[in-house]
Structures are given as structure tokens and as C-alpha cells.
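Me: I would like to go through the interface in this model and ask what stands behind each term.

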4 protein chains.
Amino acid sequence: MAGSTYGTVFQITTWGESHGKALGAVIDGCPAGLPLTEKDIQIYLDRRKPGQTSISTPRKESDQVEILSGVFEGKTTGTPLSLMIRNTSQKSSDYSQIASCYRPGHADYPFDAKYGFRDYRGGGRSSGRETAGRVAAGAVALKILSALGISVCAYTESIGPVSINYDYFDETAILTTPTCMPDAEASVKAENYLKECQAAKDSSGGVIACFVSGVPAGIGEPVFEKLDASLAKAMLSIGAVKAFEMGDGILASKRKGSENNDSFFTENGLIQKKTNHSGGTLGGMSDGSDLFFKVHVKPTPSIFQPQDTVNKEGENVTIQIKGRHDPVIVPRAVVVVQAMAALTILDLMMLNMNARMEYLEKFYRED
Amino acid sequence: MAGSTYGTVFQITTWGESHGKALGAVIDGCPAGLPLTEKDIQIYLDRRKPGQTSISTPRKESDQVEILSGVFEGKTTGTPLSLMIRNTSQKSSDYSQIASCYRPGHADYPFDAKYGFRDYRGGGRSSGRETAGRVAAGAVALKILSALGISVCAYTESIGPVSINYDYFDETAILTTPTCMPDAEASVKAENYLKECQAAKDSSGGVIACFVSGVPAGIGEPVFEKLDASLAKAMLSIGAVKAFEMGDGILASKRKGSENNDSFFTENGLIQKKTNHSGGTLGGMSDGSDLFFKVHVKPTPSIFQPQDTVNKEGENVTIQIKGRHDPVIVPRAVVVVQAMAALTILDLMMLNMNARMEYLEKFYRED
Amino acid sequence: MAGSTYGTVFQITTWGESHGKALGAVIDGCPAGLPLTEKDIQIYLDRRKPGQTSISTPRKESDQVEILSGVFEGKTTGTPLSLMIRNTSQKSSDYSQIASCYRPGHADYPFDAKYGFRDYRGGGRSSGRETAGRVAAGAVALKILSALGISVCAYTESIGPVSINYDYFDETAILTTPTCMPDAEASVKAENYLKECQAAKDSSGGVIACFVSGVPAGIGEPVFEKLDASLAKAMLSIGAVKAFEMGDGILASKRKGSENNDSFFTENGLIQKKTNHSGGTLGGMSDGSDLFFKVHVKPTPSIFQPQDTVNKEGENVTIQIKGRHDPVIVPRAVVVVQAMAALTILDLMMLNMNARMEYLEKFYRED
Amino acid sequence: MAGSTYGTVFQITTWGESHGKALGAVIDGCPAGLPLTEKDIQIYLDRRKPGQTSISTPRKESDQVEILSGVFEGKTTGTPLSLMIRNTSQKSSDYSQIASCYRPGHADYPFDAKYGFRDYRGGGRSSGRETAGRVAAGAVALKILSALGISVCAYTESIGPVSINYDYFDETAILTTPTCMPDAEASVKAENYLKECQAAKDSSGGVIACFVSGVPAGIGEPVFEKLDASLAKAMLSIGAVKAFEMGDGILASKRKGSENNDSFFTENGLIQKKTNHSGGTLGGMSDGSDLFFKVHVKPTPSIFQPQDTVNKEGENVTIQIKGRHDPVIVPRAVVVVQAMAALTILDLMMLNMNARMEYLEKFYRED
């Protein structure tokens, strides 16, 4: 069935596989009147593309986005935006072996089980390249959110055993360190750890964190389209993500109520919380505090050690993966987390605009 | 907007609040020909209802389900099933105080922020009672899954610091211990811990785990309707859930690829995995292993200690919550986790039936 | 699959069959703050119920609606409204014959073909009684539209060969004539024609027309959720409807462009049209003129003449239908047309509220 | 909001406007294993493209489709198919006048009312060119339906006053006459009529009819996703369509039940109908007979006579449209009707596959 569409009123449909002609996204439901150029999108795609640092694959992909529709005289028209990125650097020869084997930790086996066969070149649709469409669409959502006073900040919190020190949090470092850590010192340690992993033909997992400022209280739709539930789905829909924590997350399960409740207080007429264990949601709706959540990412499954597996004929075999693979998924997934968060929040904010009769009356009677 | 509907082809819509006349669910898209009686549903509702043990609120709610439509001569007809549970034991007087105050850890404030006012009686739609409709609908999904050879087992893994010992796992204990722990000894410890919490006018968080057996490989729809992503949303949509882990979950972020990959092997023509770190999904689709996931639940926010908060007039006040509240949410949420898992998996299994041309050809050409 | 849910953000789910315990609708996405009582709904249900005139079945159904959730202190809360109507007057004995035969013009055969069996009592879910849930939900939509300055007027335009004379159009007569014709004289003729049909054990078709005033220009979402396309689906989803015309409808296919185009003009700063052949839509969006459409309804298929048909065993048989049946469907369907129009227009108006960036900015930055 | 997506499990999203860089469609939910090449699609696009006959605009558009994703080794993979058609022949200079005026019969005014401005070049998204994406996607649906034994035949039934004679129905003529009439003699008359219209700087409406053979009984989902209701929406979603008739359509409203009911009979174990007034549906589901419906299309609104209208400044003006316009929309819309019918029927057939428990049990237990 159709599983490549995301969102209700700000809706994206992504398409494309690792080694096809192109990848892209269609954004349907983008409000009219947003100034938009390809540069607005390219800046985010550039953060996702490989070949930029020693800890990412040396594949070169230019990942140039083209806006094919939906913009006229520099502004969105309200009609669908079609965004396309041509594939340019695919070496299909690298992937001949995996045509017949099921790589451990990869989607090869379930793809065959579901569809009867698969595009085995570079993982096909299960490749990380699939996220290029999400990032392109997310860039548009981020621009809209920015116009509404909302900022979305995602970053690497840890790689393997190396975590950032929040005392040294430096937002600018997210864009300058190869790890996307907001702590240059931790980043160096993480790079060293990754080099050890590479030397051992191994890879590492890590954690991405994200906070979102400026979201007004009341965003999210009880009971199934809750803000935190929607964020959880958005994040787990990214390949390799294995866990999601809202606010203090798993710690909440060890705590007592007196430790976990966030007290409200008021200052200058503004209702606030003394703490933010909840991560900015209550009852599945934003509570006016910053949203905060974490995403746990598994290690790159493509490692260069020999691994036991099974081939399509159902025989036990050993596979030795070749090719170009990142030793860690996390840094390139940071912008994907940011994009998916933006898409999720914007959609729920648009849906919130008809929560009350007074909103409808104001819109249709006073206009 | 409409946030009370869940699922694409097996679709439920729940309705009702804590102190309204009734609660319920409409199931739309239930296949015809399923034998179904109210008893099939009541057995699950009885596991959710309060007043049964020393560690749950002494409120008595009979929670009798009535099937209002969709069943004829003992079988589902393919038309919507309307399930209703009358509310019987509501004491609205208990809740007069919270009409004007925002309880810490509760949804009161975001509800007011979104809708302008709220049904303050017993939490209204944000009450745990809302889940009665989910459980009733989930019972139908569980019966269908059972007919397809699939079992869904949810249980309490920990309460505060007390965890079960998997060496003593006893599935029958889930239904007999007041904690829903599959380990009677751990359950006694957890009960004692909860009594301490109660004595201290406090509450406790905990963890629910769930495994699902019998799901064939290939269930889940790349890229946004992934099985694990859908489960994450389903679980976070349950009030008080703050984190979701698929398989080894957060541990994956600390691991190396060589530790985290599950090797395939084949035995008697059956493709299997040597380990199941992934929790039974790869690329967002089932991989033929048992599904396994964990859900982290925050402590009951209604505690009997004085708490700082704000009232509707925006004044700083102290609130002292009265009434009848569980010292822990986890045991009564176990069956909700089971229900939401069943609804999610069944919907994706039904959607999987048209994944291949050969399925369509077999269905329409050979019938 | 789920086919009983209608709408995107103002979403209804109807349930119930002719001879079940009850029928109803859940409205999800109703804005908070709408004053609502059961009387607001009952007034529309009373117009649909049978047993009121000589030209409708003498069955007595009280059709009392009960609001089970979603209203607090006289206003909608933003949470789902559950509306229930208990069935009271079903005589299942009348329908024993049709259990084994496929009535011509009825849904018996396709129901069996699809689901393997059917609730044969009174047509089950394919009964006209199914529309009670739509009317109840539509009453809420009509109340909201009214608050936004929009009125929806449906009426009988013709029954068999008898049409109203638009020169004598009298809106008040819609509620006072047994035919729902806005022309008392035509109504008397139509009643006489129906008596002839009844005497001949026959039935009659007819036409319902509807105009909607006050809809601002721009409602409808290109290209698949066009206003006229959505109205067409809404109308054809009503049992027995066989054709839909927007504006001049079928006449447009015989015309020349110079005859069919509506010229614009401006008066007092208001853009208007000299004619309204289009029925108030252009490009699938409202154009600021009154919406106008027609719905063609087939004759009641339950006639009392012997008819050739087939039984479940696949044998050719003759059936003679008994029971209580209206000689014409049209008058009781008028309020159903009105309800479905209101549901459709309201949903699209709510969706229109985020068509432009300036709307989002005004909502979120100035609030 | 998102209005450019159609279908539930076989879902298309179209994008692109008349004078943008390209147009296209993404098909999500296409079953895996369908042999597919660009030729399969091009054949249908070629029937839609202009510049082919004296009665269509002399614009030349090559309308070459490119499959960008979703096909591997000649077969669909189950992942999204992205279909793109580059725009090549746009002369934006032709449209400078309409930037400031609202053309009668066009969507200019509602577009401005909704979005605040519009892409005025060639009608933008409201151009007939938008249907290229539908036709490309429909070609894939048609190929799947063909594999399931279903054929969809659409043709011109009338243009202005000239109707085909069903006694001379010749299906092959649909593809050879410039009018797409299955009656060469009527086609000549229609061409002559159109030449008169052109000479008078005028245009003509017409009727498209469609029948579909091979659809099994039971397709369509009561009560809102009925087959005929879905077809009605599909057809009215095509620009310029003003009316839809299922089977005998508007005639049903003039008839008696004894004239309108279709009697069943059985022959060689096959249940059939003696007549097909219903057009192949009962209760919104297919009844095993051929589907038959008609679509009424208004005359081309772009006529070359001077017309009264209003400009963006709200002044009364006269407009004289220039450029290249078809004197009739019907012939080029025939393949669009065919495409939309195929998309609608296929989606409902895929949804029908889980109508019964026995289908689920057969699929999951015996596979």
C-alpha cells in the first residue's frame, strides 16, 4: 500500500531509490506566498550529502535539487512543489554480491519476503539516500516554521561511548564539527573512536537529540495524533533508529511522581514550568516549553568483517561487504531528524488552526 | 482536527471522556465472518478496569461492553462494529478543585490552551478511561490475529527499581499478579515498593514489554508506515508513555555493528536469525523473528503531596490532589499496550495483502 | 476496508444497520466552543423519520438522538461527539423472505458477493435508515455553517413527471408539504401521482435540488478535493442516487461556450457573475455565487408487484415484496442531501484556513 | 491542504502546472512484479496530447514520459513510481493579458481568492495539462486491470447536438476518429459542427461515456467509498466536467420502480441481470454487470469573442482571449476519463481483498 506519504495537510510524498535515475519529494498543501528558492533547500541537502569528512563515505554525490513546480515569481503558489535530485555517482558494480545474499542488519530479506524481489543496488529504497527527499521537503517546513518564530535544533549527543558535555554546548559547532556535535572537544574524541572502529572493520551507533523552541501550547491532536506520538513515528520511520525518548524518556520509568512532575509557575503573566522533564508535552500536546527528544541510532550494519548469513537459495554462506560506507550513521542523520521534526510540527500546527469555533468565526466573519 | 481515528483499513474511532455518559469505539473495516460476542471483548476490558487490587484505585467501574452494530447471527458482517461502555461510577464532586487549577504532569493546561476550556471532570478525554475504547477494539484485533496464528504478549517488566528476572519468566503470572509481572517474586517486591510510595503520598513509573509471535516477514510499509514506526506512534499515543524501544533499543546506540547485527542462518529450509537485537524488524518490516519492544511509562502524576502550580487566572497557587488514583499506571496499561500492538499489526497485515501482482492475480483470477 | 468515515478534519464515522440495537455517528474534529444540545440535532432527524405522511411508510420510529460525549456545560469540547439513536420499531418477521432472495434494485446480491453473507433484516446497512447517522452529524455541521453566515437549502424539485414551478418558489413550503416541494400546488399533483403509483403497486423516482448561500470564493482544494467533485461523491454516497449535476449540469454538454460562460462584473467593489450556469464553482473552487446542484434519485426498488429474481441457491424464482415501504425516496432524502452538503462544505472550509502563509502568520504571530 | 493525492492504497500524487518545468505523478502502492516500460505509459499520453487533429489546438507538446524510480529489471518493485513529463512548448507571452483579468468560465478568480495570487501562464495548475499526470498514472492502473481481466472503454458519445448511433458502435473508431467517437459517420458530423463553432469564435460541450467489463461483484466500500460515488468524484475532479450519470442516470428520476429495477436471472450457474439500468452497481458495489457511466463536459471556456469581465483591480473590462485553444474539450478528455476510472476501480479492488476473514486466513495460513 501507499507508505511513502507523510502528513495530513502539509503532506509530502517521497520517491526514489539509491541507484535509480533520481530521488525526490512532492510537497502538497504548502501554503501560498512563501518566498522559496532552490538555495533554501540546497543548504540542508548539503548537510546530508556524503563525501565531506573523513568519517563519511568518500562517495561524491552532488545532490543538486531542482524545483519542478509550485513556485511562481519566487513564491509558492499553493499547488504541489515537486523537488527532484538527480542521482549521479552510482557505481552499480559495487553491489553485485548482495544481489544474492541477505546482509545482516539490512532490509534485504524483508524486502524479498514482501515484494518477491528487490532493487539490490545500494539498498534500493531502504538506502539512506531515501532521506534526501525528506530533507528537501523538511527544508520548506523549516522555512515556514522560522517565519512563525519556531526554531528546530538537532545535533549529535553521543557516538558510541563518547557523549557531549552540556556545559560546553555550542550550537555553532553542530555545523562545523564532522560529527555534528555541539562540543568540539567531544567531537574529537568521537572521531578518534570512529577511527578505531574503522581500523577494526567495525562501526558505531549513537544518539541524536533535538530541541524545538517557540511552539505555542496546545499543538497536537488527542488521542492518536499526539505531538509526541507523531514525533516518535517520524523518528522511527528513519532507517536505523531503534528508540525514541520524549523529554527525560526512559528515566521517567524509574522515577517517583514527586520527582517527575513539572511544577507550573507564572511570571509576568506567562505560564511556565520550573522543570521540563516532560520534554515540552503534556497529554500529547505542547505545553509551551521547549520540545526535547532523543533518537537512538544503531551502528551502520555494513561492516567489513566476514559475517554469517543466508543467500536467496536458502544456503548458509559468509558475506564480506565491500564498497563505501559511513562508520556511523548519526552525523548525516542529524539533518534528517531536524527535517522530520519540522514536517511533523508544522502539519500539527496547521491542523490546530480550526480547534475552536472562535477561530472559524474570526477567519470567515471578519475577513 | 480529527485525531481520534486510528488505522487505515482496520480503522478504529474512539470517543468518550471520563465522566460523560459513555465511552466507546467504532471499528470500521473489520473483515466479515469473524465469530464475535461481547464476552470476547469483556475479558480484555476486565483486565483494564480499576478496583481490583490493593495497588489500583478503589473506584468501581463495571465497564460492561455492549455491541450495538456490525454482528449478525454471531458473526461480524463487514459493516462497522459500534462498541459502547456506559459510565456508571463517576463522582464529579471529587474534581471540583481541578476545574480552576492546572495539575502538574496533567494535560489540563494544554487542553485549555488548545480548546479554550475543558471538561475538568476526571481529566475528561485525557483520562486513562479513554483507553477503554482502545481495549475493546483491540480485543477484536487480537481475536483476528489469533485466527492467523499470531499471539501478542504484554507484561510489566519493571516498576520503579524492581525488575522481573527473565530466568523466572512465567506467562501465566501476568494475569494473576496484581502488577501484571510474569514473575511472582518480583511482583511481591514491586507491591511492597508501591506501598512505600503510597505511604509517602507518591507514585512510581515502570516499564511494559511486549513480544509478538507468528508475524510473517515483510509486514510494514516503507518508508513512513514502517512497522516499528507505527508501533512507536501507537505506544506514545497512550497517555503517560515517554519512551519506546524496538528490540535492544537504546543499547544499539552504544554498540558496534559487529555486536548489533543479527546473523541469518537457515535450518530445515527456514530462514532465521541467531540473535534478535533488532526486535524482529529490519528496514521497518517484520523479519520473521518475534517482535519485541518496550514502553516506558511515567509515574502517576496525581500524587497527594502539595504541589506548586498555577490557576486559570494565572496566579501561583498550591494544589493538593484528592480522590482515587493508582500509585502506578503500568499494570492497567499492559492490556492497552497489547491492544494497540494488535491494532497496529493487523492493519499492516491487511495492507500487505496487495504487495504483489501475483497476489492480485491469484485473488481475482482464480476465485 | 474502512468506508464509513467521511471528511478530513471535520470527520464523521457512521455505524448501525436497520434492525440492530442502534445507529449513530461519531463526529471527530468538531471545533470547541459550539453551543450544542440534542434539540439542535433532533429537529433534523424529525424531518427524516418515517410515518409522518400518507406518502411515507407507516412505520413509527421515534429516532431520538442521545449525545454520549463531547459536550460539556452546553458547549462542544473539541473531543469526539458520539451521537446515538436507538432502534425501537423493527419487526424482523417482515423480512424473512428476503433472507434467501436477491431483491431487484437492492444491494442484497453485492453484499453477499462481497462479505459472504448479510444482515438481511430491513436491508441491514444498505437500508435508508443508515442515513440517520449522517443527518445527526450534518445537523452539527449546519449549525456551524449557520454561525459562519452560510445557509443550505435542499428541496424536492420533481417527483416522476411533476416538477415545481420556480416562479412560485416558497421556501417555507419545503417543511410543510409532504413532498418537501417548495411549491404547494406542484406538491398536491405529486401526491396524486404517488397515489396512482401506490395503487399500481409501483413507485416513483425524483429530483432533489440544493442551493447554498454565503460560501466565500476559494473553497475546494485542487485538483482531487474539488468542491464540486466532493459534493458529487457526497451525493452519490446516498443510496438510490444515480446522477449529479453541478449548476446547469447536463445542459452544459449541449451548449456553446458563449452560452455557458458566466461573465463577471463588479458592483460596489463586489465581484459577481451575471449568470450562474456553473452553479457557483470554477476550477473546483467556489466562485462566490450561490452553489447550486441537483441529485437524481431512482424509484424505491421495493415494489409490491411480483418480480423475477434469483435466490441464494442460484435458482430462478419470483419474489413478492411485503412490508412497509415509501412509494418515493425523495422527500425523506432531502434532509440527507442537506446534511451531506453541509458536511462537505464545512470540511473544505476548515481546510481552506491554511491556504496562505499570511493566514498562518496572522494566526500564530498575532495571537 | 493536500488535494493532489488520490486513492487509498493505490495512491497517486500529481504535480505540475501548464508552464512550469515539468509535470508528473508519483504512484505509491503499486504492487510489485508488474512488467512496466515507458512505452506502456506513452501510448496513453499520446492520446491526450494536442496538435494532432484539426479540432485540437496546434500547440505541439511531445509529452515524453520518463520513469524516474520504482522499476528494476523491467518490473515494478513495490516502491513509488515517479513519472515525469518535461514541458517543452510553452509560449508564456501568449498569456500576458490574463495575468490581470479573470477569464469567464476559468478558475482565475477563485485561485486569486484562495491563494492571493496565481501562476497565470496557461492556467497554471487549472490547465488541462494537469491531467497529463493522471493519464500517466492511469496507464499503470489500466495495465494492472488488464492483467486481472478488466477492460475500460471510454469514448465520446456526443458533441453539441451530434450524438453517436449505438447501432453503429465500432470500438476501433475511438482511436481513429479525431473526435474519439466510436461511429465514424457521427464523427464527421461533429467535426463539421466544431468547424462552425470555430468560425463563430465559439466552442462546444459534449458527453463522454465509459463502460468497464470484467469487474467482479462486490467492489466498493459502503457507505462513503461506494464505487459509483467514487467514480462521481473522480469524474467531477476533471476540469470542465459538470455532471455524472451512473447507468441510466437522470432518467431514473422520471421512472417508476417497475421500469427501473433490473431483474436477476441465472444461466449456467451465473447470476446475471436482464437489464442494466443501474449501470452495474447496487448499493454502491459492483453487481457483476458492466459498469456504465456518462460524464458531461462543458464547452471550452476560452472563446475568441469579446467577453465582459473584471480585472484584478476590480474594474469592469472587456477581454478578448488569444492563443491556441481546442474548440471542444471532450476528445482529449476521453483518455482522462479512462484513466480516472481505472485508478478508482483498481484502488477499490485492492481494498476489497480483505473484506472477509476467510480471505485473511487463506492468505496468511496457506501461503
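**The A–B interface**

Reply: In this predicted model, 108 residues of chain A are in contact with 108 residues of chain B.

Me: How much area do chain A and chain B bury between them, and on which atoms?

Reply: About 8,500 Å² is buried between chain A and chain B, with 59% of it on carbon and sulfur atoms. Met1(A), Lys114(A) and Phe224(A) supply 11% of the area that chain A buries against chain B, more than any other three residues.

Me: Why is the pair Lys233(A) and Glu225(B) called a salt bridge?

Reply: The closest N and O atoms of Lys233(A) and Glu225(B) are 2.8 Å apart. The cut-off is 4 Å, so the pair qualifies as a salt bridge. The count between chain A and chain B is six salt bridges.

Me: Which element gives the most to the side of chain A that touches chain B?

Reply: Helix α2 (residues 108-115) of chain A does, with seven residues. The residues on that side of chain A divide into 43 nonpolar, 41 polar and 24 charged.

Me: Why are the β11 strands of chain A and chain B said to pair?

Reply: Pairing takes at least two bridges; three join β11 (residues 241-246) of chain A to β11 (residues 241-246) of chain B, so the strands pair. They run antiparallel, and Phe244(A) has Phe244(B) as its bridge partner.

Key: Residues numbered from 1 in each chain as written. Chains lettered and ligands numbered in written order. Predicted model: local features only at pLDDT ≥ 70, side-chain atom pairs only at ≥ 80, totals over all residues. Heavy atoms only, no water. Contact = heavy atoms within 4.5 Å. Buried area = accessible area lost by both parts, 1.4 Å probe. Salt bridge = Lys/Arg side-chain N within 4 Å of Asp/Glu carboxyl O. Helix = DSSP H or I, 4+ residues; strand = E, 2+ residues; numbered from the N terminus. Nonpolar A, V, L, I, M, F, W, Y, C, P; charged D, E, K, R; others polar.
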